[in-house]
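Open the model in your viewer and follow the stops below in order. Each one says what to select and what is there.

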Amino acid sequence: MLAAIEAGGTKFVLAVGPSPDTITARHTIPTRDPQATLAEAAAWFAAQGPLTALGIGSFGPVELDRAAANWGFITTTPKPGWAHTDVARRLAGALGGVPVGFDTDVNAAALAEHAARGGAGAGAGSLAYLTSGTGIGGGLVVDGRPVHGIAHPEVGHIYPRRAPGDSDFPGVCPHHGDCLEGLAAGPAVMARWGASLSELGEGHPAHAIIADYVAQACHTLFASVAVEEVVIGGGVAQTPGLVERIAARARELDAGYLPGGARHRIIAPRLGTDSGITGAMLLAARAAAEA
Ligand code: ZN
């Protein structure tokens, strides 16, 4: 039985199942302090029977270098109480020392969307998963493997050029001001217009401005990594019509230039809101196979 956690800043989704695409039980707990949250997660898993491996897709930043002393930690997060918290080894230990796979929540989601593409035997091509909500995060799977680099991608913090009609807003990222997240995540929408995109309605100019920024990020991913697909997840992207608007704007920004142009696609998640937990199940399966 595989065990999986989608570890988010507001909730932990827990699941078990015999294979990555078969979840037989799931449970959601609120994210409180690390001690209480991890203990509650471990207790639920312990009640599910013997486990072979654990996969975790976590909010971050996280340490992904297997050689680092703090591998499997959430590191410099501003979330109160969670900075420099051992998540992976602590949970694996609580579950009898099972093998554990650990990655970012968005890399896990990217992995799930990638592996779900052709069913078994998928792995051709490359994919990015971009999620926008309280922040903007991006995961990348290239040639079947999540991309880590020296740490992990932070696509939300690239600097876009200003969208037409949005030259004055300073942005809300505490580190960069007007990076992508500072201009286009949920808090930036609230700061400018006092309501979410869904509340503002499709005719409001905010939709074109946010679509422009996210389309720029997609264009950057197409141009720099040549991914075939960018999957748009998260709350802001669940806004009716927004994914289509982003795709249309990205085609305008490309201006017919990029090689493989028509094969670059911007789509909604195939797995709906299950991308993250399914990706964590895949991380568990990989950890079991490598053990
Ligand atoms: Zn930033």
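Helices (H or I, at least four residues) and strands (E, at least two) are DSSP runs, numbered from the N terminus.

A note on the source: this is a predicted model, in which local features need pLDDT of at least 70 and side-chain atom pairs count only at pLDDT 80 or more, while totals for chains, interfaces and linings use all residues. Residues are numbered from 1 along each chain as its sequence is written, and side-chain values use heavy atoms, with hydrogens and water left out.

Stay on this pair and show side chains. V189, R192 and W193 of helix 5 are in contact (heavy atoms within 4.5 Å) with A206, I209, I210 and Y213 of helix 7. Six of these residues are nonpolar, none is polar and one is charged. Ala, Val, Leu, Ile, Met, Phe, Trp, Tyr, Cys and Pro count as nonpolar, Asp, Glu, Lys and Arg as charged, and the others, Gly among them, as polar.

Next, keep helix 7 (residues 205–225) and select helix 8 (residues 242–254), where the axes come within 8 Å and cross at roughly 60°. The two helices are therefore oblique to each other. On the helix 7 side, the residues that meet helix 8 include H207, A211, V214 and C218; on the helix 8 side, L242, I246 and L253 are among them. This contact divides into nine nonpolar, three polar and four charged residues.

Now colour by domain. The domain assignment, automatic or from a database, gives domain 1 (2–108 + 273–290) and domain 2 (121–269). Their C-alpha centres lie 26 Å apart. Domain 1 puts 10 residues into the contact and domain 2 puts in 16 residues.

Go to P61, in the loop between strand 4 (53–58) and strand 5 (73–74); the peptide bond from G60 to P61 is cis, with omega near 0°. Then go to D143, in the loop between strand 9 (136–142) and strand 10 (145–146). D143 is not a glycine, yet has a positive phi of about 50°.

Notes:
Axes fitted to C-alpha atoms, helices over the stretch in contact; angles between N-to-C directions. Parallel < 35°, antiparallel > 145°, perpendicular 65-115°, else oblique.
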